[in-house]
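Subject: Handover of a structure, with notes

Dear colleague,

Please find the structure below for your own work. My notes on what was found in it follow directly after.

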Amino acid sequence: MFLRNEPVCISPGRKSGASRRVVLAIATVGAAAVLGGISGVGPAQAADPIKVGAIFPMSGGAGPVGQGMAKAATAMVSLINGDGGVMGRPIELIIRDDESTPAVGAAKASELLSLGASVIIEGYNSPVTLAMQPIIARGNVLDITIAAKADAILGNKTNPYAIRMNSSGALDGEATAQYIIDTLKARRIGFVVENDAYGKSTQKGIEDSLKARGWQYEKVSEQLFPFQQTDFRVALSNIKGANPDAVVLINASDASGMPALVQQYRQMEIPAAVVMTVGQISQPMIDALGASANGLTGSDIYVSDAPSLGADAVHQRFVAELRKQGVSEPDKYMALTAAALQIWALTANSQQTLDREKLGRAIQGHTVKGTILGDVTFREDGQLNHRLMPVIVRDGRIRSAK
């Protein structure tokens with residue numbers, strides 16, 4: 001049954017034969033609507049590809065993460081096209097490199113709009129996302145943010161239909177504060193923080209949560225650094241001299257900055273406990289650290305061997321498609337990227353429109369069933385709800401700690 005005003009409850013992959021028939025049936029309905037002039041898309045356009053823009057950091061310190069996101073997007077586009085596309089039309093994926101630089105990201109967003117992108121998925125670095133958002137909004141194109149965590153990404157008037165896949169800084173702050181209080185019982189806390197919207201938002205979330213829980217603590221040292229930095233010896237020397245109980249590390253440069261920070265922390269033999277915020281243990285960081293990463297623990301919103309996903313047919317179908325891209329298993333950023341595309345496609349097929357406002361309203365505050373993450377629910381402000389799970393690095397991979 002085709003539900004025009006509700007989020008989709010179909011899947012391109014849970015039961016491939018049946019789902020394909022459902023998608024094709026919806027495509028047929030969509031074609032009839034097109035011919036009747038309901039959707040506003042002319043018959044000559046019906047078979048034209050729908051252009052999907054993707055902006056990731058394909059180079060620099062976050063380059064390995066962005067390259068993985070690109071492979072995940074390619075895999076999901078292959079699945080969607082194999083199931084009949086969106087509204088009966090194939091998807092054409094256009095990927096651009098934001099170089100983890102706001103000005104470059106803004107330029108790439110403008111370029112994708114000029115090429116006719118109908119939706120843009122983006123966002124690893126918060127400053128880059130914040131630079132792109134108003135441009136994409138002015139282009140009246142739906143914008144789905146994958147990973148960037150700054151609080152300002154949601155709820156601003158320039159982009160009322162914002163959608164975010166990753167956990168929020170507030171959720172991360174609550175979890176980190178709980179660990180500091182309940183497990184470490186740390187009173188003297190040092191912060192080593194990336195000096196941008198992401199780092200400041202994350203630190204604020206942690207400190208707000210500590211205060212909200214009435215925890216009496218002293219910020220004994222705060223060391224700020226730029227995203228590109230890889231030499232932290234001076235900052236860590238200052239931290240060591242402050243004699244903290246615990247040190248919070250906030251660094252989004254998974255493949256270079258964060259591994260260097262962890263290695264130099266160990267080399268300086270700082271006795272304080274290291275606190276890594278939610279999602280800071282990433283596969284590129286593990287690859288850079290090598291065997292020394294084994295045993296690191298943390299928490300995150302996704303791990304590929306989570307009990308809830310292990311036997312899920314939709315998730316397993318995506319994993320199999322991703323292997324064709326040379327990736328043995330997805331990390332969180334890959335999964336969120338693929339899920340974003342899938343949610344957009346399912347909703348567009350359900351609503352039979354590419355209209356930004358209609359799609360945004362259909363996702364915000366609603367549940368989308370049958371995604372690679374299972375059934376997912378968004379808050380009214382576009383934030384995807386999450387449950388955190390403990391993770392551990394074992395044999396060079398991120399694994400569920402349970």
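Serine 100 lies in the loop that connects β2 (91-97) with α3 (102-114); helices (H or I, at least four residues) and strands (E, at least two) are DSSP runs, numbered from the N terminus. Its phi is near 55°, a positive value in a residue other than glycine. At 10% relative accessibility, serine 100 counts as buried (buried means under 20% relative accessible area, exposed over 50%, partly exposed in between, with a 1.4 Å probe and protein chains only).

Please note that this is a predicted model, in which local features need pLDDT of at least 70 and side-chain atom pairs count only at pLDDT 80 or more, while totals for chains, interfaces and linings use all residues. Residues are numbered from 1 along each chain as its sequence is written, and side-chain values use heavy atoms, with hydrogens and water left out.

A positive phi also occurs at asparagine 243, with a value of about 55° although this residue is not a glycine. Asparagine 243 sits in the loop between α7 (233-242) and β8 (246-250).

The chain as a whole

The protein chain contains 12 helices and 14 strands. Of its 402 residues, 56% count as buried. Among contacts (heavy atoms within 4.5 Å) between residues at least 6 apart in sequence, 70% join residues at least 24 apart.

Leaving aside residues up to four places away in sequence, threonine 129 touches Glu122, Gly123, Tyr124, Thr145, Ala148 and Ile153.

Strand pairing

Two strands pair if DSSP finds at least two bridges between them. An open sheet of three strands has the order β10-β13-β14, with antiparallel pairing. Its edge strands are β10 and β14 (397-400), each of which pairs on one side only. On average, neighbouring strands of this sheet are turned by 40° against each other, direction ignored (axes are lines fitted to C-alpha atoms, for helices over the stretch in contact, and angles run from 0 to 180 degrees between N-to-C directions). Four bridges join the antiparallel strands β13 and β14, and valine 391 has serine 400 in β14 as its bridge partner.

Strand β11 (residues 367-371) pairs with β12 in the antiparallel sense over three bridges. A hairpin of two residues joins β11 to β12, and the bridge partner of threonine 367 is threonine 377 in β12.

Pockets

On a 1 Å grid over the protein atoms alone, a cavity is a set of points where a 1.4 Å probe fits but cannot get out, and a pocket is an open set with protein on both sides within 12 Å along at least five of seven lines; lining residues have an atom within 4 Å of a point. Grid points are joined across faces, edges and corners, and a volume is the space filled by probe spheres set on the points.

The largest pocket holds about 570 Å³ of space. It is lined by 22 residues, of which Ile301, Ser308, Leu373, Arg387 and Met389 are the closest to its centre. The elements giving two or more residues to this lining are β12 (374-377) and β13 (389-394), and β12 gives the most, with four residues.

The second largest pocket has a volume of about 330 Å³. Among its 17 lining residues, Tyr179, Val274, Val275, Met276 and Thr297 are the closest to the centre. Two or more residues each come from α5 (169-184), α8 (257-267), β9 (273-276) and β10 (297-300).

With kind regards
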